[in-house]
Amino acid sequence: MEDWRREALRNIPSVTAILGSEIGERLIREYFHATAAGAAGETAGELRRKVMAASAPEDLSGLDFSAEGAARSAAARVEAQGRPSLRRAINATGVVLHTNLGRSPLAGPAVDAVASVAAGYSNLELDLATGERGSRYSHVEEILCRLTGSESAMAVNNNAGAVLLVLSAIARGREVVVSRGELVEIGGAFRVPEVMEQSGAILREVGTTNKTRLSDYERAVDENTAALMKVHTSNYRIVGFSESVPLADLVELGRERGLPVIEDLGSGVLVDLARYGLASEEPRVQDSVAAGAGLVTFSGDKLLGGPQAGIIVGKKALLDRVKKHPLARALRIDKLTLAALEATLKLYLDPDKALIWIPTLRMLTAPASECAVRSRHLAADLASALGDRARVEVTEGFSQAGGGSLPGVDLPTTLVALSPSGKSAAQVEAALRGAPMPVLARIQKDQILLDPRTIGEGEEDLVVEAFLHALPPDGSD
Ligand SMILES: *Cc1c(COP(=O)(O)O)cnc(C)c1O
């Protein structure tokens, strides 16, 4: 071995020396001794690897062999290990229902309900009035019936699960008639034909991609038919020469032939979004119930703005069969979700309150003028924090509902457009993701675009901090 390498190996501080330094002693006070010693050992090990990998003494010039320096690295290691993998982030993309970012943030009362139920025991499956065993569905059944006009209701893990469960319970081994225009794929893995196959129901496709008539359904119905099904084409629109059968007509046919109609609404809204200025064709759950659908399924965390859940409402006789199916146990909703769902639904008792409290609805209905004001404020804060490290301007643009909801509906907004000097937009975007509070932004033409519509109120300062992390002043890089 070369002399310089042997010398360097001798200079690597021991675990005892690292832990004996000022930072090392603090580490031992704040964490278990074993954790601190483990991190110190890993730090010394890494120094050793670097010394062994060096091909010349110059390669070692950047290494810090002091016990204090190694303790600082060890502390950074311990902190990184303690940092949660799943953590809060800021959505500056302008996509309101961003599935990769967790879809709907919860309303304050829903957050409080989760915290309260999480911290102790609860009456999850206990009837407090009688002391007897109760049903976990009871906590949301009454309010779901009240809000949608249905006879019965339940909630499961998510809407994909709700559809699978409904088809398994109602149509296993028999045919379900669906229009070819509604055999959709949602968000990658949810494909109507594949879910149908998993459930054991047999898909009976009718009509064509763009046109399906009532007579197509009529011809397909025979003694092997279990149900008629309608699927909301959540994330796409067929425009032009097209025709589909209204739910009410399918219900009428079902009544004549003694068949239930199942509808997968996907998003499912409880308020009339058109009243709040959204050019929305999103059907309301209560309209499907009123039209006579036997079972209606929808998501808890899309336009409803609650936790991830699959909600099933409809006729009692059908829901009783669904609730008894063994898959219901496998797909059951957990208590934290239930707490959040109940609190979210309660807000809908007053629709105007829902619009104010539920972040998803508030963001979707935020007027363009409000986005413009917030954008100008954020741009001014960023410009003064970053100085000549970036050019900051505001520009008109559009936000999106996302989550397979409201396709083709562009929400006018004002964006902050940032052109970094000396670094590419892609480099800065990556650094924003690595900030202590990660910020997710859009990139367009080497500019970073921030949409205030999805940035939470009060999160602006954290956005500025993330930019200071991504574009630090000279010398502190
Ligand atoms: C989103 C969607 C689903 C899946 O719902 P998840 O809650 O994501 O499981 C199913 N069907 C339709 C029509 C949808 O839009």
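# Reading a predicted model

Author: This is a predicted model. In it, the axes of helix H18 (residues 368–386) and helix H20 (residues 460–470) come within 10 Å and cross at roughly 35°. The crossing of H18 with H20 is right-handed.

Reader: Which residues of H18 and H20 meet?

Author: From H18 there are Arg 374, Leu 378, Asp 381, Leu 382, Ala 385 and Leu 386. From H20 there are Glu 460, Val 463, Val 464, Phe 467 and Leu 468. The residues of this contact divide into eight nonpolar, no polar and three charged.

Reader: What makes Arg 374, Asp 381 and Glu 460 count as charged?

Author: Asp, Glu, Lys and Arg count as charged, so Arg 374, Asp 381 and Glu 460 belong to that class.

Reader: What else does H18 lie across?

Author: H18 lies across S12, strand S13 (410–420) and strand S16 (447–450), and runs at about 10° to S13. Strands S12, S13 and S16 belong to an open sheet of five strands in the order S2-S12-S13-S16-S15, with mixed pairing.

Reader: Why are strand S2 (95–97) and strand S15 (442–444) said to stand at the edges?

Author: S2 and S15 each have a single partner strand, so one side of each is left without a neighbour in the sheet. Neighbouring strands of this sheet are turned by 35° against each other on average, direction ignored.

Reader: How do you know that S2 and strand S12 (residues 390–402) pair?

Author: Pairing needs at least two bridges.

Reader: What is the order of the strands in the open sheet of seven?

Author: The order is S3-S11-S10-S9-S8-S4-S7, and the pairing is mixed. Strand S3 (152–156) and S7 stand at the edges because each has a single partner strand. Neighbouring strands of this sheet are turned by 25° against each other on average, direction ignored. Helix H11 (residues 247–257) packs on the sheet, where it touches S8 and strand S9 (261–266). The direction of H11 makes about 175° with that of S8.

Reader: What makes strand S4 (residues 175–179) mostly covered?

Author: Five of its five residues are buried. Glu 175, Val 177 and Ser 179 point one way from S4, Val 176 and Val 178 point the other way, and all are buried. In a regular strand the side chains alternate between the two faces of the sheet.

Reader: Why is helix H8 (residues 159–171) called largely enclosed?

Author: Eleven of the 13 residues of H8 are buried, so H8 is largely enclosed by the rest of the structure. Among the buried residues are Asn 159, Leu 165, Ser 168 and Ala 171.

Reader: Is Ser 21 buried or exposed, and why?

Author: Buried means under 20% relative accessible area. Ser 21 has 8%, so Ser 21 is buried. Ser 21 sits in the loop between helix H2 (15–20) and helix H3 (22–30). Leaving aside its neighbours within four places in sequence, Ser 21 is in contact with Ala 67, Glu 68 and Ala 71.

Reader: Is Met 1 buried or exposed, and why?

Author: Exposed means over 50% relative accessible area. Met 1 has 53%, so Met 1 is exposed. Met 1 lies in the segment before helix H1 (3–11). Leaving aside its neighbours within four places in sequence, Met 1 is in contact with Arg 6, Leu 9 and Met 52. Met 1 and Met 52 are 51 residues apart in sequence and 9.8 Å apart in space, C-alpha to C-alpha.

Key: Residues are numbered from 1 along each chain as its sequence is written. This is a predicted model: local features need pLDDT of at least 70, side-chain atom pairs count only at pLDDT 80 or more; totals for chains, interfaces and linings use all residues. Side-chain values use heavy atoms; hydrogens and water are left out. Axes are lines fitted to C-alpha atoms, for helices over the stretch in contact, and angles run from 0 to 180 degrees between N-to-C directions. Helices (H or I, at least four residues) and strands (E, at least two) are DSSP runs, numbered from the N terminus. A crossing is left-handed if the near helix is turned anticlockwise from the far one by less than a right angle, and right-handed if clockwise. Contact means heavy atoms within 4.5 Å. Buried means under 20% relative accessible area, exposed over 50%, partly exposed in between (1.4 Å probe, protein chains only).
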